[in-house]
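Reader: Please take me through this chain term by term, and set each label against the rule behind it.

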Amino acid sequence: MRSGAVLIILLGSVAGGSAGFNQPVSPIDAGPEAEDCFCHLTGVLDDCFCDIESIDDFNSYKIFPKLQQLLERDYFRYYKVNLKRPCPFWLDDGHCSIKDCHVKPCSESEIPIGIKAANFNKFSVETNTDEDLQDCEEANKLGAVNSTLSNQTKEAFIDWARYDDAQDHFCELDDELSPDAEYVDLLLNPERYTGYRGPSAWRVWNSIYEENCFKPRSVYRPLNPLAPSRGNDDGESFYKWLEGLCLEKRVFYRLISGLHASINLHLSAKYLLDDGWGRNKWGPNLEEFQSRFHPTETKGEGPRRLKNLYFLYLIQLRALSKVALYFERSIVDLYTGNATEDAITKKQLLEVLKETKSFPMHFDEKSMFAGNKKEAKTLKEEFRLHFKNISRIMDCVGCDKCRLWGKLQTQGLGTALKILFSEREIKNLPERSPSAGFQLTRQEVVALLNAFGRLSTSIQELQNFKMLLKDKR
């Protein structure tokens, strides 16, 4: 099990949040040198009827600014994750000892009481201070639900917490009650370059592409560093094979490729530029970006991968527009224990969801799994299990920070897929009572919005790189 070329640092050398963005960069026209990298990144995307320029405008002016503000709220900045789960596929995980690979977890006292109440560490009381115990005791009295809510609403949150839809999960979920699961402040542990690279990172991506993307071994994947070169094969045979697949399997590959491209963009945009005088400085590395996406450097692969990033953005944008009904209900409260904070957070979330619904060129997921019912059901289950297996591979990433963001973004995409394939259940949700048909856990909500935030940031970073290329002339 090994990995792909541009994949070298996908999970391994990344980590960056919303830091560094104050105002959105408007889409710009690329100069001659920029055209070398972006001339193919234009027009209508495959398998849908949306063009790249429309996505650039929509993201820059409608989504990116509001989404960055939302993700700074307490509800969305704390994510519970188990970074100690062993790799289920191989023993040597090539664990990274570089300081920038480290993740700093939160202490119990840092976490809002409304968030931690339901997951208070019952396994090890000695790990909690008296102050922690007191905070959690207070939160437990509130039941992790605003005390002004009706009994019916409280029952809904209890139902939310207990709901188990494992058969619909597209991800291997962490056990939030495990003593190894810890809260992480995503704003203090941003996704950016860490220095983790090489065979350990390669085999993660190789395992994902070669064993979970419906590809036979006989088909050569372009730029695979763990496969012998095929001479003049520039990847055309691979894309002929890909175009011959059914829509569902083609979509699956493009989602994974888009996720990979997004992570590599984060790496290039938040690269370690200077670690002198004891202070690290991260910023855009134009050479790194070109080495990963320039057509000449990648034998034409770079623009294809960037198009897949846009495709992935459309898929998650569509999921958010469809799940708006779920959050618009008065029964749903983004609870942290601070009533003022919670009201602002929900208002900002609904504003973002309103924008997603306004996009005029959404991906039509009804075209998927639309054939023979029996065959469609089998294909959907195969699709789900392949993606779930990829989420398990994330536990094989040797860099903790890369593993954190890999797990979060995979869970976010898995949640988006769960939403897209639950349209009927979402439409039938009762306004003021719990539903056994469709529920989202807090972890799924946090992952869903932060994963989309990463994609929105990637597309925004592309505008920055266009500007850098233009200025380089």
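**Labels and the rules behind them**

Author: By the rule used here, under which a disulfide is a pair of cysteine sulfur atoms within 2.5 Å, the count comes to one disulfide. The model is a predicted one, in which local features need pLDDT of at least 70 and side-chain atom pairs count only at pLDDT 80 or more, while totals for chains, interfaces and linings use all residues. Residues are numbered from 1 along each chain as its sequence is written, and side-chain values use heavy atoms, with hydrogens and water left out.

Reader: What makes Cys87 and Cys396 a disulfide, and which hand does the disulfide have?

Author: The S to S distance between Cys87 and Cys396 is 2.0 Å, which lies within the limit of 2.5 Å. The torsion about the S-S bond of this pair is about 75°, so the disulfide is right-handed.

Reader: Where in the chain do Cys87 and Cys396 lie?

Author: The pair links distant parts of the chain, 309 residues apart: Cys87 lies in the loop between strand 1 (78-82) and helix 4 (113-116), and Cys396 in the loop between helix 13 (373-393) and helix 14 (400-420). Helices (H or I, at least four residues) and strands (E, at least two) are DSSP runs numbered from the N terminus, and the chain has 16 helices and four strands.

Reader: Why is Cys87 called buried?

Author: Buried means under 20% relative accessible area, exposed over 50%, and partly exposed in between, with a 1.4 Å probe and protein chains only. Cys87 has a relative accessible area of 16%, and therefore counts as buried. Cys396, at 1%, is buried as well, and Cys50 is buried at 0%. Over the chain of 473 residues, buried residues make up 59%.

Reader: Why is strand 1 described as largely enclosed, and what is strand 1 joined to?

Author: Five of the five residues of strand 1 are buried, so the strand is largely enclosed by the rest of the structure. Tyr78, Lys80 and Asn82 point one way from strand 1, while Tyr79 and Val81 point the other way. Two strands pair if DSSP finds at least two bridges between them; five bridges join strand 1 to strand 2 (residues 181-185), and the two run antiparallel. Among these partners, Tyr79 is bridged to Val184 in strand 2.

Reader: What makes a set of residues a nonpolar core, and which residues touch the most other members of the largest one?

Author: A nonpolar core is a set of buried Ala, Val, Leu, Ile, Met, Phe, Trp, Tyr and Cys residues joined through side-chain atoms within 4.5 Å. In the largest core, of 113 residues, Phe76 and Phe327 touch the most other members. Helix 11 (residues 301-328) gives this core its largest share, 15 residues. A second, separate core of five residues includes Tyr78, Cys106, Ile111 and Ile115.

Reader: Which residues are in contact with Phe327, leaving aside its neighbours within four places in sequence?

Author: Contact means heavy atoms within 4.5 Å, and on that basis Phe327 is in contact with residues including Val332, Leu334, Leu440 and Val445.
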